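This report walks through one protein chain for a reader who has not seen it before.

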Amino acid sequence: MKGFKVEYIVLDLEWNQSPNGKQGEHPRMPFEIIEIGAVKLDEKMNKVDEFGALIKPKLYKKLHKQIRNMLSYDEKVLDEKGRSFPVVCKEFIEWCGDDYAFCTWGPSDLYFLQENMAFYNMKKLPFPLKFYNVQQIYADEFIEDKVVCKLEKAVVDMNIPEDIPYHAAINDARYTARVMAVKKFPKLGDRYSIDTYRHPVKKDEEILSYHDGYLEQISGEYGSKQEAMEDKDITTILCCKCGRKCTKKIRWFQSGPNTELAVGKCWKHGYMQGRIKFKSTGGSDDNVYVIKKVTKTNKAGLMEVGLKQEMIREKRREKRQSSDDK
């Protein structure tokens, strides 16, 4: 794949949180990593190397009850065998090398890794950060309703021997690598996701990417949702096949608190559904950035979106009528 890495780092983390709930939580690091596990694969999914290390916690030295129940080690082991996060993380990044792509079971690991790195003012990971969400790829390929499942279910369904305990970072990384190595598992190709722990700030930093059958746009920051929707670069639907501007069939409408839907039509490739998600920048309550995805649909999809729009309108009319009657 052009511009992408030929080796894969299958990453898994274990993390702890405040045993006292929100009151004892540090705002810059609510989840503290206590173990890094990773398996390095070549482009044919053959194992090349492994990395595993425990981390001595700095913030939450007592394990949260639920986390302690899952892990095969306790505070004493972390205290005796763990090393500081900056030391372990630096070793891990150096071990990864220069030519790789992260693979994780779910989208959370890279977010928390970067959050912990930022807490210690460590050098940032590349931007934009592309990775393979193996959990979602597995769901898309092997689960009828495409709803994600736990790693344990995938291991059983793929007839992979369960010969090591779960909920140790290195072991879960091994299991994820084994799932990826199964013959019927699809080639990763352009099925990557884009991590948004760091998002574009300025317009010239915006990300526009055609991958995995859809067009994804990650915008810079706006002062409000309204400001974002006044930008034609946001509201224009481009065909996810050829990039041409689509004619509007269903204009953007609010389908949820932070979601907008629309449908356009490409003269060559047919109907395209656009979905906008507003994400908080983490600063002002009103400041947002936008993740817009355009996927191919059909006439049935057009009718489904149109029906949803009409149902939302009807609910609003009923609400207004109820308010007027009072």
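## Overall build

What percentage of the 326 residues in the protein chain is made up of buried residues? Buried residues make up 46% of them, where buried means under 20% relative accessible area, exposed means over 50%, and partly exposed lies in between (1.4 Å probe, protein chains only). The chain holds 10 helices and 12 strands, which are DSSP runs numbered from the N terminus, with helices (H or I) of at least four residues and strands (E) of at least two. Its C-alpha trace spans about 65 × 50 × 40 Å along the principal axes.

This is a predicted model, in which local features need pLDDT of at least 70 and side-chain atom pairs count only at pLDDT 80 or more, while totals for chains, interfaces and linings use all residues. Residues are numbered from 1 along each chain as its sequence is written, and side-chain values use heavy atoms, with hydrogens and water left out.

## The nonpolar core

In soluble globular proteins, nonpolar side chains tend to be buried together. Here the largest nonpolar core has 36 residues, and those with the most contacts inside it are Tyr-138, Val-179, Met-180, Phe-185 and Leu-188; such a core is a set of buried Ala, Val, Leu, Ile, Met, Phe, Trp, Tyr and Cys residues joined through side-chain atoms within 4.5 Å. Among the elements that each supply at least two residues of this core are strand S1 (8-17), strand S2 (31-41), helix H5 (134-142) and strand S12 (288-296). The largest share, 5 residues, comes from H7, a helix that covers residues 169-181.

## Backbone features in loops

Most residues other than glycine have a negative phi, and most peptide bonds are trans. Met-45 is found in the loop between S2 and strand S3 (47-54) and counts as buried at 15% relative accessibility, whereas Asn-121 is exposed, with a relative accessible area of 70%.

Asn-121 lies in the loop between H4 and S5, and Pro-128 is also placed in the loop between helix H4 (108-119) and strand S5 (129-133). The peptide bond from Phe-127 to Pro-128 is cis, with omega near -10 degrees.

## An exposed lysine

Lys-232 is found in helix H9 (residues 232-235), and this lysine is exposed, with a relative accessible area of 66%.
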